[in-house]
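Subject: The structure I promised you

Hi,

Here is the structure we talked about. Open it next to this email and follow along as you read.

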Protein chains: 2
Amino acid sequence: MPRRPLRPDDGRLVRGRKSRARIREAALSLFRELGFDHATLRQIGARAGMGASSIYRHVQSKEELLVDELADRQEEAWTEFRKADDRSRPVRERVARFLEVQHRLLASDPDLTIIALRATTRPEARVARRTLALQDRTIGLLAEILVAGRARGELPRDYDVMAAARALFHVTSGARVPWANGLVSADGCRQAIASAVELLFRGITPAARTAPGAPPPTER
Amino acid sequence: MPRRPLRPDDGRLVRGRKSRARIREAALSLFRELGFDHATLRQIGARAGMGASSIYRHVQSKEELLVDELADRQEEAWTEFRKADDRSRPVRERVARFLEVQHRLLASDPDLTIIALRATTRPEARVARRTLALQDRTIGLLAEILVAGRARGELPRDYDVMAAARALFHVTSGARVPWANGLVSADGCRQAIASAVELLFRGITPAARTAPGAPPPTER
DNA sequence: GGGTCCATGCGATCTTGTTCGCGTTCACTT
DNA sequence: AAGTGAACGCGAACAAGATCGCATGGACCC
């Protein structure tokens with residue numbers, strides 16, 4: 001496992017780094033070819049030129065192989081977002097772009113959604129905390145965007161920004177689950193996300209309202 | 001596996017039903033004592049008075065044991081809700097009560113949240129579809145409540161009720177995950193749910209608005 | 001009463017993620 | 001040059017969920 005090195009990084013660690021790279025390459029290619037669940041550690045080990053058990057010198061579990069990759073791709077996606085982000089645009093637009101980037105990333109492979117979800121299902125494993133931290137990070141970025149909007153008065157002063165960010169996150173990832181299970185098309189998934197965000201923003205952006213003036217509550 | 005019986009239910013099936021009951025009892029007690037992941041099928045089999053492999057005559061996977069239980073308890077919870085439900089009350093109140101019942105059910109055991117989540121992580125297994133169907137059912141009930149409110153004008157005519165129901169569902173279950181992982185207290189979880197619903201309703205109920213009049217967008 | 005069918009149960013076995021103990025390598029120390 | 005110790009790799013072994021082929025028994029049919 002990649003624990004903090006006990007000694008400074010002298011030349012002895014380069015071998016390990018190369019192995020890690022090979023393992024990762026092997027794992028990702030096999031995941032792509034067979035899917036996460038059908039790729040076995042013995043196959044990965046073989047392709048990486050080592051035994052299956054040796055993989056555990058570098059990784060704590062099979063799931064971590066994919067979660068590590070996800071974390072990296074998240075980072076890339078975020079810098080991609082930041083590069084094209086214009087902080088002077090309205091919140092709604094910025095959030096939409098953020099979620100777009102996020103969705104492109106996750107839509108590239110159902111296994112990413114599946115395994116990220118499954119990882120949060122192992123309370124005793126490190127990978128669960130890692131994955132939840134990753135989610136928190138995403139939520140944090142969303143909250144940042146919302147805070148900027150609130151500062152400019154696009155959102156009410158008393159808005160619970162964290163709750164809103166969490167809602168955006170959970171609603172969008174929730175919509176991806178049926179897709180990852182092959183129950184709805186990629187397009188259906190996209191639409192579900194869009195209408196969910198639209199709905200959330202009706203609450204988040206007060207201006208967009210068309211209040212019907214609350215007619216009398218006549219039952220039936 | 002409990003597939004549709006090929007022949008009418010004559011006396012030959014009684015034995016099987018009793019076994020199923022014993023298995024279930026054994027499984028649930030062991031889950032409670034050791035937690036889902038630490039209870040082994042061999043233990044369950046032993047307590048139910050049979051070998052581990054025989055369990056598979058009645059159930060398709062270990063996870064299904066708990067998901068079956070969850071489905072049943074859902075049913076109970078819903079009838080409990082309906083009993084005390086007053087359809088003339090405002091949407092918000094009804095939804096709050098529904099979610100309260102739902103939360104009481106799931107808060108009784110972290111494993112319910114954990115396994116329900118994990119089950120949606122096996123696209124090829126029946127248990128995934130079962131669990132997603134269960135979620136859809138929950139969402140459907142929420143939508144029903146919202147539709148009633150919309151009919152009375154509490155919600156805008158053009159509201160996407162399904163999106164709102166989905167949002168409520170995902171936001172509340174999403175909030176339970178960190179709790180099930182032991183990262184936040186039961187109270188923290190409850191609060192997160194409360195503020196998420198509050199936030200959603202700010203969008204769902206137009207009346208509750210306090211529009212700040214959109215000041216000019218001055219950057220920085 | 002013999003024959004048939006099928007749900008049930010069993011034990012062996014498989015699969016696969018993971019653990020364990022041992023041996024090797026190699027930069028560093030003295 | 002000898003010694004040290006952490007990182008690395010290996011093959012055997014383990015754990016536990018799941019599969020398989022075979023046996024049984026009892027309800028039904030003739």
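Below is what I found, going from the overall picture to single residues.

First, some ground rules. This is a predicted model, where local features need pLDDT of at least 70, side-chain atom pairs count only at pLDDT 80 or more, and totals for chains, interfaces and linings use all residues. Residues are numbered from 1 along each chain as its sequence is written, while chains are lettered from A and ligands numbered from 1 in the order in which they are written.

**Chain A overall**

Chain A has 8 helices and 0 strands. Both kinds of element are DSSP runs, numbered from the N terminus: H or I over at least four residues for helices, E over at least two for strands. So if you read along the sequence of chain A, you get α-α-α-α-α-α-α-α.

How confident is the predictor? pLDDT is its confidence in each residue, from 0 to 100. Chain A averages 88, and 87% of the residues score at least 70. Within chain A, confidence is highest in α5(A), at 97, and lowest in helix α8 (residues 186–204), at a mean of 89. Watch out for residues 205–220 of chain A, though: the pLDDT there is below 50, and this stretch has 22 contacts in the model beyond near neighbours in sequence. By "contact" I mean two residues whose C-beta atoms, placed from the backbone, lie within 7 Å.

Among contacts in chain A between residues at least 6 apart in sequence, 60% join residues at least 24 apart. Of the 220 residues in chain A, 37% are buried. A residue is buried if 20 or more other C-beta atoms lie within 10 Å of its own, exposed if 12 or fewer, and partly exposed in between, again with C-beta atoms placed from the backbone.

**The nonpolar core**

In soluble globular proteins, nonpolar side chains tend to be buried together. Here, the largest nonpolar core has 102 residues. Such a core is a set of buried Ala, Val, Leu, Ile, Met, Phe, Trp, Tyr and Cys residues joined through C-beta atoms within 7 Å. Residues with the most contacts inside it include A:Leu168 and B:Leu168. Leaving aside neighbours within four places in sequence, A:Leu168 is in contact with A:Val95, A:Leu142, A:Val197 and A:Leu200.

**Two helix pairs**

In chain A, look at α5 (residues 110–119) and α7 (residues 161–180): they pack at an angle of about 115°, with their axes 9 Å apart. Axes are lines fitted to C-alpha atoms, for helices over the stretch in contact, and angles run from 0 to 180 degrees between N-to-C directions. The crossing of α5(A) and α7(A) is left-handed, meaning that the near helix is turned anticlockwise from the far one by less than a right angle; clockwise would be right-handed. A:Pro110, A:Thr113, A:Ile114 and A:Leu117 in α5(A) meet A:Arg176, A:Val177 and A:Ala180 in α7(A). That contact has 5 nonpolar, 1 polar and 1 charged residues. For these classes, Ala, Val, Leu, Ile, Met, Phe, Trp, Tyr, Cys and Pro count as nonpolar, Asp, Glu, Lys and Arg as charged, and the others, Gly among them, as polar.

In chain B, the axes of α3 (residues 62–84) and α4 (residues 91–107) come within 10 Å and cross at roughly 145°. This crossing of α3(B) and α4(B) is right-handed. Among the residues making the contact are B:Ala77 and B:Phe81 of α3(B) and B:Phe98 and B:Val101 of α4(B). The residues of this contact divide into 5 nonpolar, 2 polar and 3 charged.

Helix α5 of chain B is largely enclosed by the rest of the structure, because 9 of its 10 residues are buried. B:Leu112 and B:Ile115 are among them.

B:Ala128, in helix α6 (residues 126–151) of chain B, counts as buried because it has 24 C-beta neighbours inside 10 Å. Its contacts beyond four places in sequence include A:Asn181 and B:Pro123.

A:Ala48 sits in the loop between α2 (41–47) and α3 (62–84) of chain A. Why is A:Ala48 buried? Because 22 other C-beta atoms lie within 10 Å. Not counting residues up to four places away in sequence, A:Ala48 touches A:Arg22, A:Ile23 and A:Ala26.

A:Ala194 is partly exposed, with 16 other C-beta atoms within 10 Å.

How values were computed. pLDDT = per-residue confidence, 0-100.
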